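Please examine the sequence and the model shown below. A briefing on selected features accompanies them.

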Amino acid sequence: SAASDVYKRQLVMWNHGGGWRDIEEANPENLRGISWDETSNNDYLEMREVESALKSANQKMNVLGFDACLMGMFEVAYQVKDAVKELAIFSQEVEPGDGWDYNAFLNKLKTNPSADAKELAKYVTSSYQAFYSYQNTTISAVDLTKAPGLKSAIDNFAKTFMKSPEWQVLKSAANASPEFEHRFNYVDLYQLMNYVSTKSNSFDT
């Protein structure tokens with residue numbers, strides 16, 4: 001309704017995060033999740049459960065925040081793209097133990113309660129960067145409405161590469177791309193694809 005559109009909603013999920021784990025690192029049932037509960041036999045929310053809960057809500061969130069490690073992945077964003085109106089905020093790398101600087105970004109929101117989703121995302125990301133200025137961290141806000149287009153681009157990239165695969169180029173690309181939590185399969189997607197597209201004979205540059 002028009003009345004409900006006046007309000008902007010943000011949900012922040014906190015605690016441990018794992019992104020989309022490689023099958024060699026975890027049981028098949030324990031690959032994609034967040035919010036591990038150490039008091040309940042390490043039960044956690046699978047990403048499909050997060051998606052289902054968000055879709056069953058009466059109102060969509062404008063912003064979904066993951067105050068947890070390793071959630072800044074395209075797979076995570078794509079999972080929730082239809083359940084959140086605008087943005088996701090997350091970190092590719094492991095987060096420091098204190099997480100987001102809630103006092104800082106909420107104080108900014110207090111001074112500008114009519115802030116839209118992009119302004120709120122700037123409050124979160126800038127305060128996080130300032131809070132951890134003494135160490136290397138990652139945080140980003142992504143437009144979830146762009147997720148289907150990015151998926152198409154990734155699919156086309158993969159199809160083009162597989163017509164004449166150059167596995168050594170792909171291996172070199174993975175080695176040259178920033179990796180997170182020292183996991184070889186947690187690499188920066190943009191830099192991986194950019195490296196392959198410029199070094200492989202399968203792509204026009």
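The points that follow concern helix packing, salt bridges, aromatic rings, individual residues and backbone angles.

This is a predicted model, in which local features need pLDDT of at least 70, side-chain atom pairs count only at pLDDT 80 or more, and totals for chains, interfaces and linings use all residues. Residues are numbered from 1 along each chain as its sequence is written, and side-chain values use heavy atoms, with hydrogens and water left out. Helices (H or I, at least four residues) and strands (E, at least two) are DSSP runs, numbered from the N terminus.

**Packing of helices α6 and α8**

- Two packed helices are described by the angle between their axes and the distance between the axes.
- Helix α6, residues 147–163, packs against helix α8, residues 189–199, at an angle of about 35°, and the axes are 12 Å apart. Axes here are lines fitted to C-alpha atoms, for helices over the stretch in contact, and angles run from 0 to 180 degrees between N-to-C directions.
- The α6 and α8 crossing is left-handed, a term used if the near helix is turned anticlockwise from the far one by less than a right angle.
- On the α6 side the contact (heavy atoms within 4.5 Å) involves A153, I154, F157 and F161, which meet L189, M193, V196 and S197 of α8.
- Seven residues of this α6 contact with α8 are nonpolar, one is polar and none is charged. In this scheme Ala, Val, Leu, Ile, Met, Phe, Trp, Tyr, Cys and Pro count as nonpolar, Asp, Glu, Lys and Arg as charged, and the others, Gly among them, as polar.

**Salt bridges**

- Side chains of opposite charge can pair when their charged atoms come close.
- Four salt bridges are found in the whole structure, each being a side-chain nitrogen of Lys or Arg within 4 Å of a carboxyl oxygen of Asp or Glu.
- One of them joins R48 and E46, with an N to O distance of 2.6 Å. R48 is exposed at 57% relative accessibility; buried means under 20% relative accessible area, exposed over 50%, and partly exposed in between (1.4 Å probe, protein chains only).
- K55 and E51 form another, at 3.0 Å from N to O. These two residues are four residues apart in helix α2 (residues 47–56), so about one helical turn separates them.
- Within that pair, K55 is partly exposed, at 47% relative accessible area, whereas E51 is buried, at 18%.
- K151 and D155 also meet in a salt bridge, 2.8 Å from N to O. Both lie in helix α6, four residues or about one turn of the helix apart.
- K151 is partly exposed at 31% relative accessibility, and D155 is likewise partly exposed, with a relative accessible area of 30%.

- The structure holds 10 aromatic pairs. Rings of Phe, Tyr and Trp (its six-membered ring) pair if their centres lie within 6.5 Å; planes under 30 degrees apart count as stacked, over 60 as edge-to-face and the rest as tilted.
- The Y128 and Y132 rings form an edge-to-face pair, because their planes stand at 65°, with the centres 5.0 Å apart.
- Y128 is buried at 1% relative accessibility, as is Y132 at 2%.
- Y128, F131, Y132 and Y134 are linked into a cluster by ring pairs.
- G99 is in the loop between β6 (84–90) and α4 (102–111), and G99 is buried at 2% relative accessibility.
- Apart from neighbours within four places in sequence, G99 contacts D67, Y128, F131 and Y132.

- S35 belongs to strand β3 (residues 32–37) and is buried, with a relative accessible area of 18%.
- Neighbours within four places in sequence aside, S35 is in contact with M13, W14, N15, H16, D43, Y44 and L45.
- W20 lies in strand β2 (residues 17–20) and is partly exposed, with a relative accessible area of 22%.

**Positive phi angles**

- N42, a residue other than glycine, has a positive phi near 60°. N42 lies in the loop between β3 and β4 (43–46) and is partly exposed, at 44% relative accessible area.
- L70 is not a glycine either, yet its phi is positive, at about 65°. L70 is found in the loop between β5 (61–67) and α3 (74–80) and is buried, with a relative accessible area of 2%.
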